[in-house]
Amino acid sequence: TTTTMESDAAAPSDGCDVLPRCDWVGRYVGASSTTYVRYHDEEWGTPLHGEQALFELLCLEGMQAGLTWAQVLHRRDAFRDAFHHFDVDRVAAMTTAEVDALMRPESGVIRHRRKLDSVVQNARAVQSLRDVGGLDRYLWSYVDHRPLIHQWRRACDVPSQTSLSVRLSRALKRRGFAYVGPTTTYAFLQGAGLVWDHLQTCHRRPPHPSHVRHPPHPSTSTKEDGHEDDDGGGRDDDDDDGASQPMGCAKRGALRTARASGRRDLRTSVPRRGRRDTRARGVEESADGQREKRRVPYHRHPRDQDPEEAAPQKRRATQRNRHLQR
């Protein structure tokens, strides 16, 4: 099975030019190597088709959990030799003894037993998908068989996971796949070109407009393309919340935004010294008859009270402080 490229991507790069690229290229150790730059220029984001090619990328993305993509890319040839160039049928037939042999240092692969077992498990899951049209058709049906084009300006704007990756992750786990958490799944969608996350400043051009589907409006439903949303949630053992993706700064940017918004909420909703009043809350009816929540403080700071009410409290506080000093 070969890889099909549907986009008019830029010409291959030798890694020595100064073309504008995505911000994450060269951001950490190994991301500025010639192999990594060539991967960005020739492969990352290019629409990928074929059972064998998609299976290989899905397994390699799972291998990246907790590591960097540069480490996996450096060992890609070793993975291909170890897993029969990711031939689905041959990998699915691998025995426990063959996987044990890959745990030796001379194998050249990432020696993580659960990850190695997941490749065999995923191969058998891919075989079961042939009853519904195969892995290629199954994955691309989630984006209506056309890449979703995003308009990102900075790498920190790119999310580490989306509602699409969450739905696909749950569906793949239900099909028997392993190491396909929402973050890993979104990295796979980026690498396989199902979503186009090259920055607007990058020299890579998006696929032809006839092959493009823009993302839906946020107000639309998340149930698309006839796929059922899974109710099962929770964090599985093979989830990859801590994985370092090529867009690693996206998660940091999201955390910074969340923390900043949290601090703003804290400053606006909680008094500086009277935070205990947020523990008591009540419900009242507004003028139009709707029920709404309101804060019912049981403690008010002296500065928010009338001087006549604050004076007795000040006297009691002074007496209490004197008693503690004794």
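Which residues does threonine 185 touch, not counting residues up to four places away in sequence? I looked this up and got Ser165, Leu168, Ser169 and Val180, where contact means heavy atoms within 4.5 Å.

Before going on, I noted what I'm working with. This is a predicted model, in which local features need pLDDT of at least 70 and side-chain atom pairs count only at pLDDT 80 or more, while totals for chains, interfaces and linings use all residues. Residues are numbered from 1 along each chain as its sequence is written, and side-chain values use heavy atoms, with hydrogens and water left out.

**Threonine 185 and its helix**

I found threonine 185 in helix α10. Helices here are DSSP runs (H or I, at least four residues; strands are E, at least two), numbered from the N terminus. Threonine 185 is buried, at a relative accessible area of 1%. Buried means under 20% relative accessible area, exposed is over 50%, and partly exposed is in between (1.4 Å probe, protein chains only).

**α9 against α10**

Next I checked how these two helices meet. Two packed helices are described by the angle between their axes and the distance between the axes. For α9 and α10 I got an angle of about 110° and axes 8 Å apart. That makes α9 roughly perpendicular to α10. The α9 side of the contact is Leu164, Ser165, Val166, Leu168 and Ser169, and the α10 side is Pro182, Thr185, Tyr186 and Leu189. I sorted these residues into six nonpolar, three polar and no charged.

My cut-offs: axes are lines fitted to C-alpha atoms, for helices over the stretch in contact, with angles from 0 to 180 degrees between N-to-C directions. Under 35 degrees is roughly parallel, over 145 roughly antiparallel, 65 to 115 roughly perpendicular, and the rest oblique. Ala, Val, Leu, Ile, Met, Phe, Trp, Tyr, Cys and Pro count as nonpolar, Asp, Glu, Lys and Arg as charged, and the others, Gly among them, as polar.

**Two positive phi values**

Most residues other than glycine have a negative phi. Tyrosine 179 is buried, at 10% relative accessible area. Phenylalanine 86 has phi near 60° and sits in the loop between α4 (76-82) and α5 (88-92). Phenylalanine 86 is buried as well, at 1%.

**Helix α2**

Last, I looked at α2 (residues 51-63), where twelve of the 13 residues are buried, so it is largely enclosed by the rest of the structure. Among the buried ones I spotted Glu51, Phe55, Cys59 and Met63.
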